[in-house]
Amino acid sequence: MDPPFQETYKSLFNDYTIASKDKDDSLMNANDECELPLIDLHRLTLEYSEREQCVKEIQQAASEWGFLQVINHGIPQEMLRSLQYEQRKAFQHPFREKAEDNFLNLSANSYRWGNPRATCLRQLAWSEAFHVPLTDISRIGDAYKSLSASIKAFTTKANALAKDVAEILAENLGVSSTFFEENCPEETSNLRMNRYPPCPFSSDVFGLIPHTDSSFLTVLNQDQIGGLQLLKKGTWINVKPNPEALVINIGDLFQVLSNDVYKSIKHRVLAPQQVERFSLAFFYCPTSETVIESSIKPSKYKEFTFREYKTLIQRDRKATGDKVGVSRFLL
């Protein structure tokens, strides 16, 4: 069922030598491990002083880390387990079936693996994924009704969670209280179901290459295998999984909206050597016509629409195998 990484990218493996390794090779195995700031969202329902302290901690974590983890987030563990089970079943199909355009009846190119534009091993992602625009949920075939139902249940909850956290983060930015309600209807967001197969080259190949997310926020549910790393003050740090928590991180759009009050932090996933790893990522995104501009003046960024941003990302990836990101719009 695994994608044919070695066969497809044979030239990259053949060309790879010790001399061609990146200078930061030692960072593939970061020594430091961290537990992200942990926020109990139940405190938002308590008396005013408790709620305000919780809001302050959310804003502080987003400002200092760009990442936080939350418990009592409103998404039942049983719902998460159900989707994880359906996710595993989908990935267990033979590769040739998953690679067919009509598998699950999703939009074209929804099944993704590797990196067709990789020019070196460090641009190759040893993983496979189903990228599901929420408008595609109703298209999933009758043979996968339980998968469709599990995705719908999760994304509805994840969207509400992302909206709540986004509005909290925007409280101190001068953003309209209706901005996310008006510009981020549920159907404009996306779900990505990831599988990281065991990799015999785990010291040389990433599971997911270093990147930032092209969203306002990302809500991540991961298993306990580990492998997620984030870049903090120039050092790659291992993120310790918490079985009770969801991870939320700042995306590129919130960095611009906040004028760098919150940063979209570069992160990556190491390829597991002997076991497979699974994760679910919900990307909270606006409509394509939404104008993204800094709410704090003077602005560090030119304004742009989300459509313009996606177009530039696709162009950069086609040209270089990677995206440039928000630095394209710096004034």
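Visitor: Which residues does T155 touch, not counting residues up to four places away in sequence?
Guide: First, a word on what we are looking at. This is a predicted model, where local features need pLDDT of at least 70 and side-chain atom pairs count only at pLDDT 80 or more, while totals for chains, interfaces and linings use all residues. Residues are numbered from 1 along each chain as its sequence is written, and side-chain values use heavy atoms, with hydrogens and water left out. Contact means heavy atoms within 4.5 Å. By that rule, and leaving aside residues up to four places away in sequence, T155 touches L134, I137, E186, L191 and F282.

Visitor: Where does T155 lie, and is T155 buried or exposed?
Guide: Helices (H or I, at least four residues) and strands (E, at least two) are DSSP runs, numbered from the N terminus. T155 belongs to helix α6, residues 145-170. For burial, we call a residue buried under 20% relative accessible area, exposed over 50%, and partly exposed in between (1.4 Å probe, protein chains only). T155 has 0% relative accessibility, so T155 counts as buried. Notice also S189: T155 and S189 are 34 residues apart in sequence, and their C-alpha atoms are 8.8 Å apart in space.

Visitor: Which residues have the most contacts inside the largest nonpolar core?
Guide: A nonpolar core is a set of buried Ala, Val, Leu, Ile, Met, Phe, Trp, Tyr and Cys residues joined through side-chain atoms within 4.5 Å. Here the largest one has 96 residues, and F130, F180, F216 and F254 have the most contacts inside it. Helix α6 gives the largest share of this core, eleven residues. Take F180 as a case: among the residues it touches are F216, F254, L257 and Y284.

Visitor: How do I read a helix, for instance which residues of α4 are buried?
Guide: Start with length. The expected span of a helix is 1.5 Å times one less than its number of residues. With 15 residues, α4 reaches 21 Å from its first C-alpha to its last, close to the expected 21 Å. Next come the buried residues of α4, which are M79, L80, L83, E86, Q87, A90 and F91. They fall within an arc of 135° seen down the axis of α4, so they line one face of the helix. The arc is that of the directions from the helix axis to the C-beta atoms. On the face turned away from the buried side, α4 carries the exposed residues E78 and Y85.

Visitor: What do the buried residues of α9 pack against?
Guide: Helix α9 covers residues 306-320, and its buried residues include F306, Y309 and L312. I313 and D316 in α9 are buried as well. They cover an arc of only 120° around the axis, which puts them on the same side of α9. The buried residues of α9 pack against α8 (252-257), β14 (291-292) and β15 (304-305). On the other side of α9, Q314, R315, K318 and A319 are exposed. Just after α9, G321 takes a positive phi of about 85°.

Visitor: What is the strand order in the open sheet of five strands?
Guide: Two strands pair if DSSP finds at least two bridges between them. The order is β1-β10-β9-β12-β7, with mixed pairing. The edge strands, each pairing on one side only, are β1 (33-34) and β7 (206-211). β7 and β12 (residues 267-270) run antiparallel, joined by three bridges, and L208 stands opposite V269 in β12.

Visitor: How many salt bridges does a search of the whole structure find?
Guide: A salt bridge is a side-chain nitrogen of Lys or Arg within 4 Å of a carboxyl oxygen of Asp or Glu. The search finds 20. In one of them, the closest N and O atoms of R195 and D2 are 2.8 Å apart. This pair links distant parts of the chain, 193 residues apart: R195 in strand β6 (residues 190-196) and D2 in the segment before α1 (5-8). R195 counts as buried at 2% relative accessibility, whereas D2 is partly exposed at 37%.

Visitor: Which residues are linked with R195 in a network of salt bridges?
Guide: The network links D2, R88, K98, E128, R195 and E276. Within it, R195 forms a salt bridge with E276, with 2.8 Å between the closest N and O atoms. R195 lies in strand β6 and E276 in the loop between β12 and β13, so the pair ties together parts that are 81 residues apart in sequence. E276 also meets R88 in a salt bridge (3.8 Å, N to O).
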